[in-house]
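Work through the exercises below with the sequence and the 3D structure at hand. Try each task before reading its solution.

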Amino acid sequence: MHSTTALLGAAAMITSAGAGTALMDQIGDMSGSDIDTTNMLASQYFEAAYSVYDIAAIDDFDNTSGSAAGSVSAIISGWNGYTTIDGVSGVQVNFYMAPEDAAANLVGYSSSDAAVTVDPNWLGQIYGDMVTVDGSWAIASGTQYVTLIPVNEFGTNGQTGVPITFIGDMNCWQANPGGGFGMPGNWQVAASNLAFRVMSGSADPCDAPLPSCPADISGPTGEPDGFVGVDDVLACVGTFGQTGDGSFRPQGDCFPPPYGDCTVNVDDLLTVIAAFGNDCRPRGACCMGLAGCDDNVVEDDCVGDWLGEDSDCTDDCHAGACCFLDGSCTEGTPSECSSAGGIYAGDGIDCATADCPQPSAGACCISASDCLDGLLPADCLEFGGNYMGEGTECATTSCGWTECPDGSTDEGVPCQEDTNDPNGDPNGGMNVNPPAFGAIANGETICGYMSTFTCLGCGDSGEDLNYRDTDWYLFDNSGGGEWTISGGGESALIMGVVDNDALAFVDYMVLEAGQEGAVTVTLPAGGSYAVWVGQNFDGGDNTCSMGTNLYSVTLVGAAAPASACCVITECVGDLDPTDCAALGGSYVSGESCDTYTCPASYEPCTTGNGEDPLGIDDSWTAGTSDTGAGYLRAAGISASSVSQCTIYGLGLIYNNGWGDCSTPGDIGMTWSLMTDGGGLPGSEVATGSGAAYFGTDLVYAGAYALHGWTFDMGYGGSADWVSAASTSGGQGECWFLWMSSTASGAGSSALDDGTGWAAEVFGLNYCITE
């Protein structure tokens, strides 16, 4: 178990989260040391097109005391295109009496929606982000079931899930009311513990804080409307003298902040009168693309895209010309341009003034089987064709899927007709009971049939249901590696690779009728995976009688590439993961020993003038020292001269939570030496910038590497304080966090947060060569 750790930065010291007592805590140590990295369970509200896959990961806890819940936390991570918690638009907390209830409706008997609030106290970002929702939920006594479901669009941010942990009774559940994952009864049990924490709270609404505009208590419909006016005064007068009894807050209770007093009296009436006429509606940026942007606009007044409360034109509104290699140009945001394969010309630049690449000849697909060489984009358009790109040729360009390739393996299953047996498909995978799979080998192409059909009498009330065929082909992934599936067919299809243990796509592609495509995934060794082919319902019915049912899919695998292998501090060569692990080394993906330097072993100070950083198992603190963040730190020293000074710290990024900086060697650094001024840093006697960076082999909290910087100061006089800081542009960039040399309360240093130097209660490491 790690000892207490802390990071000091934009939000001061990180401490343990939560209020009340823990009704359930399967998150454990805030360093993340209790997270089991072997798996996570899918939990996600998808966009409407994929709502059949909406799923909750659920775990139970004992609420014998009948306490209310005051906060719910979960570790959220993802895969299959997941990039960041910023792509999650919201979360939903639900409590159930039984997991079967969630199989019918993911909204529990006690439920609330909330914005994503990342808990800055969580130090285990390598395992995911800790999201905490505060509230007041009246929940039943006895065994209760809880989930926290991320709202996340699969098309832009992949899939989300909750990691498993080492804490709990090895019993949890998943529920999928839409039946997209084919679970029996739309729910299943898993022998795991989920990373949830539930803290007790009060069920009394008066224990919750007042809203941001407390005087807005009513409106024309009896609900707050964003304005303080006559309706609010009348509501306050109408509830004057009321006092809550633990089950409700009187409507007129709006003073004193932040919680009110659960009684409507003269103070509340005066508060409403004082705020009379206020417009409390949320304000943010109104982005009108190339037409400009206005800040501080309410949503109803925005004639463009309202970017949300407290959004800012400078940071959030970007639009300009998007240039394509075929000479065409559109206008939009940088992300829209990138997604379309264009080149963004810059903010505020329109197509009329953008510098558009000149078109060149290429292949022109007239149909899936007809192609013309040497046409310019405009000429191809005149032929009614599809320009395939600069320099392309028909001989090497596929215009679409036309037939199964020669040498394909027959699926061995006829086209799926109407049936009264929903479990009769011999390669229906996890969509039949018991599961049944086909098989595909590396380098093999399978030619099969895909259709929609009627399952006769398969509804809960005996009604007929519209089903689609799905074909699942297991493949041998015992050695791991990179796998590419490619194919197409006569109808609209979905093809991908499914993790059978997680019941989730690793990645997939959506193909129109006659379209070909490919998708590549990298898989760790082992596990159970299948190539998945399914009829796309969005393409409409495709019964066997329509005669557009053929498809082909090809699987090609390759070993994971050789990359740098570090054994202790030596890069022993470019090896594959298996060979590197056999040497006890660390596989560094995407790097080569020709250019990569393995981190050096940490060496303590030997100059006789310094303090070493605390070890990874000590009660360490790391504090931000960065000019852009507005935090500067200094260590007290005693030196007759300073030729060189080496300091150690972390390179992290703060953006609603801490994350590791991928390029600490690129952090700009500045330094200064100072005299003493009454026990705090005084006058500067020398300043400079630039440092020699080096890595070390120490990792704090199992996630954060210790880095070193050596400054050539060349100062011949005496000094009492040394200060060092990174020079970022602010939040979201890499910051230097100076590692402590003593536990809190056992040393001293100094912090300037913009208001002047003040004493801190821990020491900072340094090593001076005089």
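The model is predicted, so local features need pLDDT of at least 70 and side-chain atom pairs count only at pLDDT 80 or more, while totals for chains, interfaces and linings use all residues. Residues are numbered from 1 along each chain as its sequence is written, and side-chain values use heavy atoms, with hydrogens and water left out.

**Exercise 1.** Find which residue forms a salt bridge with R197, and state where both partners lie.

Solution. 
- A salt bridge is a side-chain nitrogen of Lys or Arg within 4 Å of a carboxyl oxygen of Asp or Glu.
- The structure holds 5 salt bridges.
- R197 pairs with D25, and their closest N and O atoms are 3.1 Å apart.
- R197 is in strand β14 (residues 196-201) and D25 in strand β3 (residues 22-25), so this pair links distant parts of the chain, 172 residues apart. Strands are DSSP runs of E with at least two residues, helices are runs of H or I with at least four, and both are numbered from the N terminus.
- R197 counts as buried at 6% relative accessibility, whereas D25 is partly exposed at 31%. Buried means under 20% relative accessible area, exposed over 50%, and partly exposed in between (1.4 Å probe, protein chains only).

**Exercise 2.** Determine the partner of R633, and whether R633 is buried or exposed.

Solution. 
- R633 forms a salt bridge with E760, with 2.8 Å between the closest N and O atoms.
- R633 lies in strand β41 (residues 632-639) and E760 in strand β51 (residues 757-760), so the pair ties together parts 127 residues apart in sequence.
- Both R633 and E760 are buried.

**Exercise 3.** Locate N536 and list its contacts.

Solution. 
- N536 sits in the loop between β34 (529-535) and β35 (550-558).
- N536 is buried, because its relative accessible area is 10%.
- Contact means heavy atoms within 4.5 Å. Leaving aside neighbours within four places in sequence, N536 is in contact with R468, A492, L493, I494 and V510.

**Exercise 4.** Locate F694 and name the residues that F694 touches.

Solution. 
- F694 belongs to strand β46 (residues 692-700).
- F694 is partly exposed, with a relative accessible area of 27%.
- Not counting residues up to four places away in sequence, F694 touches T646, Y648, H707, G708, W709 and T710.
- The C-alpha atoms of F694 and D347 are separated by 38 Å, and the two residues are 347 residues apart along the chain.
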